[in-house]
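Please look over the sequence and the model before reading on.

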Amino acid sequence: MELTAETRRRLGRGISAAAVLGATITGLFALQQMVENPRTDDAEVFANFIGMAPVVSGPVMKITVADNQYVKQGQMMLDIDERPYAYALGQARSEQAALEGSIVDEQRRIASESSAVSVADAGVRSAEAALAHAQAVVAQARAAVVGAQASVDRARAERDYAVHNRDRLEPLLAKQFVTVDQVDRARTVAAAREQALAEARAQQTLAGAALTSALAAEAQANARLEQSHQQVQQAQHSVLTLEPLVAQRSGRLSAIQTAEYNLENCRLYAPFDGRVTNLTISEGAYAHAGQEIFTLIDTRTWWVLANFRETQLRHIQPGMKADIYLMSHPNLHLHGVVDSTGFGVTPDADLLGRLTKGLPDVQRTLNWVRLASRYPVRIRILDGPQQNFRLGESAVVVIDGHPGLL
Amino acid sequence: MNHACFHNLRRCTRWQSLQYFLGMLPFAACLAGCDHAPEFNIVGSYFPAWLLCMAAGTALSGLSYLGLKRLGVDREIVASIVVYPSLALFYACALWLLLFR
């Protein structure tokens, strides 16, 4: 089947045109695919991981997990020597018991001091009674003074009468108008009245003295009452309070709780389902608080961290679906969803200069052609063997952007 | 038969060549259905699919040249320096779009 020259010429031109046209069209479709469904082979499987560090220090007594083992949440992994922490808990409890004992003792002491206050109160009431009595005595003495004054006045009046009577009778004796006996009687009565007056005056002096004495007694009773009041106050002030001891209760309780916390944390439990990694110690190793012993990979959620050029990022929105291929299982087609795109990478030291203190470190050289910055995009893997992924596995990611024409 | 044809391409008839390419189509369709990662592991090195497509496109372009030569059309190709690379690009893009889109 030989072709004529004309047919060959036409076929040659047709193939030439078709090849260039086909290359252009398929090339454009391929370009559209690359733009609308961003893809990268710079991707790795990633999971969050934590460094397992004990809360307490001590020698490791038991390790119940092995390197690379899968652990369930709550599974015991490590046991640190509990004894020192058990002793510390015992000591904290005994200190709390001692405090409670001191509080009981102090309550008794306070009760006795409160009784002293009652005694002082009774002293006040007794002093008040004594004062009332002294005041009554004073009133009585004042009445006695008034009575004595009246007695003196009466005795003086009677003496004046008797003296006047005698003085009237004596001149009459010379003319014999009265008898000697009458005069003598008048003289005797006058003398007696004089004596009675003197006696009444003595009684008055006595009553005055009694009043002075009663006043002094009243002042003394007053002073005693004042003293009793002061004693009550003194007793009240000397009563102790429980506050300093009661305030220590929360401190002692906290000490117990801290000791319990430390004791509980002698055992390390898996905080989530995960895989033990980088466990390179055996029993007897000394574990320091806060220092990582091994790493636990959180296998609950797996991501692919894929680096995309900044120009591709605007075609990638959170929530977009993604096709994921792991190079360990190239025929396994996994599905994912874009969780988030990265918002920061370390600036290029060659371009921006190193970030230092002091003055900016600006490079003198510059490139005509620059490379696009790339940002990590976090894509959550939705299916697949969640337990058997390996952190750092090579992956290829194709984002399902807008569907293309083909 | 196709296998033999591949080794003795110069002596193949045009129909045998056509049969060879037609025989490749189910294989290509199978590849598309296999849903393979767009990278290939060659002794621990991952080669991107587009690179292999490019290699395949270049090879297919060479095969096309041989076919055209057999038909005697190769002398009638206008600006072959553009057409054969275009053909290679076409094959590469077509393969890539078919298998790894």
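Q: In which hand does H2(A) pass H4(A)?
A: This is a predicted model. Within chain A, helix H2 (residues 83–174) and helix H4 (residues 243–264) have axes that come within 8 Å. The crossing in which H2(A) passes H4(A) is left-handed.

Q: Which term describes how H2(A) and H4(A) are oriented to each other?
A: The axes of H2(A) and H4(A) cross at roughly 165°. Angles over 145 degrees count as roughly antiparallel. The two helices H2(A) and H4(A) are therefore roughly antiparallel.

Q: How many charged residues are there in the contact of H2(A) with H4(A)?
A: From H2(A) the contact includes A:Arg93, A:Glu95 and A:Glu106, and from H4(A) it includes A:Arg249, A:Arg252 and A:Glu260. By class, the residues of this contact divide into 14 nonpolar and four polar, and the charged ones number six.

Q: In what order do the elements of chain B run from the N terminus on?
A: Chain B has four helices and two strands. Starting at the N terminus, the order of these elements is α-α-β-β-α-α.

Q: Which residue of the hairpin of E1(B) and E2(B) takes a positive phi?
A: Strand E1 (residues 39–42) and strand E2 (residues 45–48) of chain B pair over four bridges in the antiparallel sense. Within this pairing, B:Asn41 has B:Tyr46 of E2(B) as its bridge partner. The hairpin has two residues between the strands, and the one with a positive phi near 50° is B:Val43.

Q: How many charged residues does the contact of H3(B) with H4(B) have?
A: Residues of H3(B) including B:Trp50, B:Met54 and B:Leu60 meet residues of H4(B) including B:Leu87, B:Tyr91 and B:Trp96. The contact has 16 nonpolar and four polar residues, and the number of charged residues is none.

Q: Which element gives the most residues to the side of chain B that touches chain A?
A: In the contact between the chains, 27 residues of chain B meet 26 residues of chain A. The elements of chain B that each give two or more residues to this side are E1, E2 and H4. Of the residues on this side, 19 are nonpolar, four polar and four charged. The element that gives the most, with ten residues, is H4(B).

Q: Which term describes how H1(A) lies to H4(B)?
A: Helix H1 (residues 5–36) of chain A and helix H4 (residues 80–100) of chain B have axes 8 Å apart and pack at an angle of about 40°. That angle makes H1(A), relative to H4(B), oblique.

Q: How many nonpolar residues does the contact of H1(A) with H4(B) have?
A: The crossing of these two helices, H1(A) and H4(B), is left-handed. Among the residues that make the contact are A:Ala19, A:Val20 and A:Phe29 of H1(A), together with B:Leu87, B:Phe90 and B:Trp96 of H4(B). The contact has six polar and no charged residues, and its nonpolar residues number 14.

Notes: Residues numbered from 1 in each chain as written. Chains lettered and ligands numbered in written order. Predicted model: local features only at pLDDT ≥ 70, side-chain atom pairs only at ≥ 80, totals over all residues. Axes fitted to C-alpha atoms, helices over the stretch in contact; angles between N-to-C directions. Parallel < 35°, antiparallel > 145°, perpendicular 65-115°, else oblique. Left-handed = near helix turned anticlockwise from the far one by under 90°. Contact = placed C-beta atoms within 7 Å. Nonpolar A, V, L, I, M, F, W, Y, C, P; charged D, E, K, R; others polar. Pairing = 2+ DSSP bridges.
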